[in-house]
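Hi,

Here is the structure I promised to pass on. Have a look at it first, and then read on for what turned up.

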Amino acid sequence: MTSGEVVASFVVPVHPHTVLAPDQNPGWRRLRDAFNDAAQTIRDLDADLLIIYSTTWPSIIGHQIQADPNPEWVMVDHDFHDLGSIPYSFNIDADFAHAWNEANEQRGLQSRCVNYKGFPIDVGSVVALTLLNPDNSIPAVIVSSNMYANRSETTVLAKSCLDVIKTQGRRAVAITAMSLSNRMFTDFIKPEEDKIHSLKDDEWNRKILEFLEQGRLEDVGQLSRTIHRQIRVQKVVAFKPMWWLSAMNGNRNDLTGRILAYEAIHGAGGAVVHIDPTSTGIGDKEYDEDDVEFFHGERGVLEGSDEAEIDQSREAERTDETSVSESGPALWDPTEAEGSVNTDAAPKPVGAYPHARKVGDMLFLSGVGPRQPGTNAIPGGPIHDENGEPLDYDIKAQTHAVVNNVRRIVEEAGATMDQVVDVTTFLVDMKRDFAGYNEVWAETLGTVGPTRTTLAIDALPTPIAVEMKVIVHMGE
Amino acid sequence: MGKGQIVAGCLAPHPPHLVYAENPPQNEPVAEGGWEQLRWGYERLRASLSEHDYDAIVLLSPHWQTYVGTHFLGLPNFEGLSVDPIFPNLFRYHYDMNVDVELAQAIHDEAAKAGLPVKMMENPDFRVDYGTITTGHLFNPDWDKPLVVISSNRSTAYYSVEVMQEIMIELGKVTRKAIEASGKRVVVLASNSLSHRHFTTESEVPEDMSKEHITSHAMHLWDMRMIEYMRTGQAQRILDEMPEFTEQAIAESDGGGLSWLLSTLDVPDYPGILHGYGTIIGTGNAVVEWPCYAHEVNEG
């Protein structure tokens, strides 16, 4: 099995002119032709999923993911209603949407799926799907742009998406529906009068495109705040899609970029850009912002006590690395004997041992549970409270979290999940949990095909229900 | 034809939670109540105006956001399903509303004469924004009066609050002029919240009022300051402090509704009636009526 991957990325403009009026302006026609070119590229790549991050779908309560398998309506733009209407009927991958939502929650994000008849799909998504997937042959998923999300939240949103792409083995295309400069003329203009709103906006747009053509996507992401201040109307959704797109591409600067078109749409900068993950071998990575695997939240206004607990937990990590966690044994820094593989993206050990150890082309993982790095939260809930009283918990969520932790350690070692050759699983309640665990196994590691042994045991050191011991063969 | 008249002007916020909590037959989700203080505020507003007949409602909604000029609904009827893209779990409302196209066109034409970029919206497929639907329902649940719906030009985002206010004060003046020329009796509504910082999480039961409060003390202070100006007939001070209020309280007045309303009412120096105040997912909301009917100028 080949693990999933992002096979291409695209930046596309949001306004409806390319759908409704391409022949009223030569630039709009060139953008439309570029959309057609992009659609052909997507078909040629044999992609099986389109993922749209749309700046014209703002959200407040976390991230929303469209999960109606067949949303249908007629879209009319709030500004350009006189251009006409765009009827739509899209093919949404609801299973992927739900899996992404779950992955978001596992990485600490506020997230939900939406599946309501008549939900107004935003103009950016409608334009992108109408032109990039005209026959609906490729299933799609759409995610909102949270108006309060910062860089780390947006980066984690991409990483949780990548989790699912890899787990499901998808050939995904990542698309940001966005303008470059988004300053439109504030008065009505004739189509033939269209141009970029100002020379300054044009110069910034060309600099962005120069970076993208050189494959320097992460550089554009890191300039996001500056770009927003310089050429963006200060409305709610900032120039954050580049954070998402860069994270979807591994925060790289050595991609292969191709500018298919760059034109004005009522003054805003509209571009169709193809970003190929193939490395050009150029483009030094100057990654000067912290990477982040798990979103700890910095707001939590409704849940003040929980936030305080998280802060307390972080403080404990900073000041006393072996302090006792709230409901379990002491946490340790992983040991670092020769060949050790450790990562901040996995939960801290509960004793003096590494996350994994490499011997030749073999990689041996220590037992991995579902605890989340940083917070020690247990997806699906702990199996008992601090007094030992049993609690209800979700074995499937715990098992998913175990697999994700395993993946992070395996990838830290430079290996891939399809190189996992043997797994020993420990369950504390075989009768209750085997079916749920087995179901998640079938969706994840079961598609890779390692040998497996499942044992019932009395207890694990933390209040978890499942742990895996994994062996990886890193050779050919 | 006699001179038209503004019967009342109202600050009439549009959080969909209020419609959700009321469980009207048009809305699909079902609630166990919630946000009663504000809903009772709307009841008091409706009762206050029940003795005063009027011909039309003119409403400016910050959720019909236009970046190119100011737009007006320009067809006599719109019906459909309004689903809030942010709170679709709360608001999926089947609407059927009539538009006073004649009055809309008149305000449009006056605005054009004043040099404002304006456009009539005449696409029958257009879906009316949920802000309009929410305020329209809460103010007049029978939907038995035609509306004039004005979009919110996003000049605050493009330029500054000052530029927005300059445009909205002009738009208010021409709105008043067109209403007076129409011979109609009209109520004008600004559909916006005050402080507008949301919680970014939602309770498992959205109407769980034990979770509802203002997001910060600073937001509360700003809301009370503005309400006090409203209650004491100091509309000019609201306009004067609009830039600071809008910036520091992240206020929904950025959409221009409140500035437009006060201008349309000719910057009233008489007290507004506070019918209710409450928070909705952390934002501050007030239902306020300026009873123009009680302050009519006798021109005889």
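Before the findings, one term: a nonpolar core here means a set of buried Ala, Val, Leu, Ile, Met, Phe, Trp, Tyr and Cys residues joined through C-beta atoms within 7 Å. Please also keep in mind that this is a predicted model.

With that in hand, start inside. The largest nonpolar core holds 185 residues, and the members that touch the most others are A:Val141, A:Val173, A:Ile175, A:Val272 and B:Val148. Helix α6 of chain B (residues 161–182) is the top contributor to this core, giving 8 residues. There is also a second, separate core of 35 residues, with A:Ala345, A:Met417, A:Ile464 and A:Ala465 among its members. As background, nonpolar side chains in soluble globular proteins tend to be buried together.

So what does A:Val173 touch, once residues up to four places away in sequence are left out? Its partners are A:Val7, A:Ala8, A:Ser9, A:Phe10, A:Ile42, A:Ala47, A:Leu49, A:Leu50 and A:Ile51.

Next, a pair of helices in chain A. Helix α5 (residues 151–168) and helix α9 (residues 241–248) of chain A pack at about 40°, and their axes are 8 Å apart. The crossing of α5(A) past α9(A) is right-handed. On the α5(A) side the contact includes A:Arg151, A:Leu157 and A:Cys161, while α9(A) brings A:Trp243, A:Trp244, A:Ala247 and A:Met248. By class, the residues of this contact are 8 nonpolar, 2 polar and 2 charged.

Now for chain B by itself. It has 9 helices and 10 strands, and 56% of its 300 residues count as buried. The C-alpha trace of chain B spans about 55 × 40 × 40 Å along its principal axes. Its radius of gyration is 18 Å, which agrees with the value near 19 Å that a compact globule of 300 residues would have. Among contacts in chain B with a separation of 6 or more, 82% come from residues 24 or more positions apart.

Last, the place where the chains meet. Chain A puts 33 residues into the contact and chain B puts in 31. On the chain B side, the elements giving two or more residues are β2 (56–66), β4 (77–83), β6 (118–121) and α5 (155–158) of chain B.

Cheers

Definitions and conventions:
Residues numbered from 1 in each chain as written. Chains lettered and ligands numbered in written order. Predicted model: local features only at pLDDT ≥ 70, side-chain atom pairs only at ≥ 80, totals over all residues. Buried ≥ 20, exposed ≤ 12 C-beta atoms within 10 Å, placed from the backbone. Helix = DSSP H or I, 4+ residues; strand = E, 2+ residues; numbered from the N terminus. Contact = placed C-beta atoms within 7 Å. Rg over C-alpha atoms; globule rule 2.2 N^0.38 Å. Axes fitted to C-alpha atoms, helices over the stretch in contact; angles between N-to-C directions. Left-handed = near helix turned anticlockwise from the far one by under 90°. Nonpolar A, V, L, I, M, F, W, Y, C, P; charged D, E, K, R; others polar.
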